[in-house]
Amino acid sequence: MKIAICGHSLVHIRQRRFFAHVARLGHDVLVVCPNRWAHLDCTRSTESGPGWSYTIESLPAPGQPDMYRFGLLGLDKVLTDFHPDVVYVQQEVAAQFTRQALALAKQLGAARALFVWENLQAPTPEQDEELRQLDLLVCGNDAASRLHSAAPTWCVLPQVGVDTDHFQARPDVLRTKDVMFVGRLLPEKGVEYLRSAWPTAEIPPWRDWSELPWTLSQARVVVTYSQDTPHWREQAMPYMAVEAMACGCAVVASQAGAIPWWLGGGYTLECPGATLVPQGDTDALREAIRQTLERWEPMGQEGREWVVRHLSSPVIASALMEQFNLLVEARRSQ
């Protein structure tokens, strides 16, 4: 099968490495993304093996693009030359780029799949009509599946799986930090609650994705205490939490947004490596950290096993390809 995946977030190495797993299942995969987005750069590359190939095409996104207003120059030629069976767009339904990529897929006769996270606003009537024309909608959380019920076929899957080969405990690193926060220092990430609940929590400088396992391997407990706001809600699978568990850390997380869906038993079995705490409750956060520290080691071991079994890149790649196979077979039988 020939699969083209398009979107601005594919400039990040986490996403690109995941779709290399899809290619190694025996498919021709083309990843198309901007050549620069925020502070990240991406250049063209290709690799292949027996029965599979994987190419990254990076294209200019002119102007001052944001996730809702951008287009890629040369996308039509790249997709036409590749001639995909499936075009999988990882962008919200309201984005200009979504319309650009799906229109090209229709011209090429490819199946059209769209990944969305949106869990705040219901689609407009015009967007509803666009969703009805999709072959597959992949929802990044349970709330997105409810809001986008217009799509004829949908499933709930994370945007990408967890690279558990990269995210694992590093044997040359000692766990000298009791409690750690890793992430962006933004109010909605709940850092002030953590500082109040556990003043000695370690907040290391920001690290590149490639270096994170060495940082996480220093911690016994990692806290990801996101908070909902009127204009923001945790939409994605909580990657920092599950990547920390893959490194053998116990996790304390909030019940914000989609986090309970992913870790609390909505998507699959409840995660044994994480303790979920109500939002905005410093006393509850403090007590959860204290209890988690008492049994961080078995929680860390069980959490890693859970991530490998349910959310690792090979597992999610296989689940995604099962959906793609079904939609391609359905189109061929029409």
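The buried residues of α3 are F97, T98, A101, L102, L104, A105 and L108. Buried means under 20% relative accessible area, exposed means over 50%, and partly exposed is in between, with a 1.4 Å probe and protein chains only. Those residues span an arc of only 155° around the axis, so they sit on the same side of α3. The arc is taken from the directions from the helix axis to the C-beta atoms. On the other side of α3, K106 and Q107 are exposed.

A word on the source. This is a predicted model: local features need pLDDT of at least 70, side-chain atom pairs count only at pLDDT 80 or more, and totals for chains, interfaces and linings use all residues. Residues are numbered from 1 along each chain as its sequence is written, and side-chain values use heavy atoms, leaving out hydrogens and water.

Back to the helix. What covers the buried residues of α3? The cover includes β1 (2-6), α2 (75-82), β7 (86-90) and β8 (111-116). Helices (H or I, at least four residues) and strands (E, at least two) are DSSP runs, numbered from the N terminus. After α3 comes G109, with a positive phi near 75°.

Now L75. Leaving aside neighbours within four places in sequence, L75 is in contact (heavy atoms within 4.5 Å) with C6, V32, L59, F97, Q100, A101 and L104.

Last, strand β12, residues 219-224. Five of its six residues are buried. Three bridges join β11 (residues 177-180) to β12, and the two run parallel. Strands pair if DSSP finds at least two bridges between them. K177 stands opposite A219 in β12.
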